[in-house]
Structure formats: C-alpha cells, structure tokens
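Please look over the sequence and the structure shown here, and then read the notes below.

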Amino acid sequence: MTYRSRGRSIFEVIVAVCFVGFLVGFITVLCIGNYFRAKRAQERQKQRRLSKMAQQNNNNQGRSPSQGGYDHSVAGDSTVSGYEAPRIPNTAVRNGISA
C-alpha cells in the first residue's frame, strides 16, 4: 500500500516531508542551544564557586583553628555557614504523637 493508493499527490507528500523535516530541525536546534546554555551556566557557577573559595581562603589566612580558621563544612556552626536548621517546638503534637 503506497501513498498514491491512498489518494495523496506527490506534492502533498513533499509538503509533509518538508514539514516533518522542519519540526525535527527546529527541535534539534532548541536542544543544542539548551545544551550550550546549560554548559555556559555550569562554567559560570564553577568560576563563582572557585572565586568564593579563594576569597574565603584569603580571609582565613594566618588564623589558627581556635580563631575560626577551620573548614566550614566540618564546623557545623550556623554562624559560620549561614545555615541554621529549623527548630520544631517540643510542645508540638503531630498525628497524635508528641515530639
């Protein structure tokens, strides 16, 4: 069973092939563009992270561990890292079980 047996002209077949080719090409260009955009964003983030680490190392240079010259990830101090875990009140009752 061919296209001609379904009553389609050669012009309709060519238009359909061109339309499908356009859609595939358009989606391909979008995917490639998104890939390179994400790659640039990843590189910018890496540079920001490296510059921030270098700045922190310069600020901590010459300090002893007792003065806070320790690694931030090991410290666990909310004043150093800037993150503080949420506090749940002891009087809260959830699902009938007191915390």
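Predicted model: local features only at pLDDT ≥ 70, side-chain atom pairs only at ≥ 80, totals over all residues.

Residues are numbered from 1 along each chain as its sequence is written, and side-chain values use heavy atoms, with hydrogens and water left out.

**Overall make-up**

- The protein has 3 helices and 2 strands, where helices (H or I, at least four residues) and strands (E, at least two) are DSSP runs numbered from the N terminus.
- Read from the N terminus on, the order of the elements is α-α-α-β-β.
- Of the 99 residues in the protein, 3% are buried, a term that stands for under 20% relative accessible area, with exposed meaning over 50% and partly exposed lying in between (1.4 Å probe, protein chains only).

**Surface patches**

- Patches consist of residues with over 30% relative accessible area and no salt bridge, like charges being joined within 9 Å and nonpolar side chains (Val, Leu, Ile, Met, Phe, Trp, Tyr) within 5 Å; a salt bridge is a side-chain nitrogen of Lys or Arg within 4 Å of a carboxyl oxygen of Asp or Glu.
- Phe-19, Val-20, Phe-22, Leu-23, Val-24, Phe-26, Ile-27 and Leu-30 make a nonpolar surface patch of about 800 Å².
- Arg-37, Arg-40, Arg-44 and Arg-48 form a positive surface patch; one of them, Arg-44, is found in helix H1 and is partly exposed, at 47% relative accessibility.

**Aromatic pairs**

- The structure holds 2 aromatic pairs, for which rings of Phe, Tyr and Trp (its six-membered ring) need centres within 6.5 Å, and planes under 30 degrees apart count as stacked, over 60 as edge-to-face and the rest as tilted.
- Phe-22 and Phe-26 form a stacked pair, at 6.0 Å centre to centre and with 20 degrees between the planes.
- Phe-22 and Phe-26 are 4 residues apart in helix H1, and are therefore separated by about one helical turn.
- Phe-22 is exposed, with a relative accessible area of 54%, whereas Phe-26 is partly exposed at 45%.
- The rings of Tyr-35 and Phe-36 form an edge-to-face pair because their planes are at 75 degrees, with the centres 5.2 Å apart.
- Phe-36 is partly exposed, with a relative accessible area of 43%.

Definitions and conventions
Areas by Shrake-Rupley, 256 points an atom, 1.4 Å probe, with all protein chains shown as cover. Lys, Arg positive; Asp, Glu negative; His and termini not counted. Charge placed at Lys NZ, Arg CZ, Asp CG, Glu CD.
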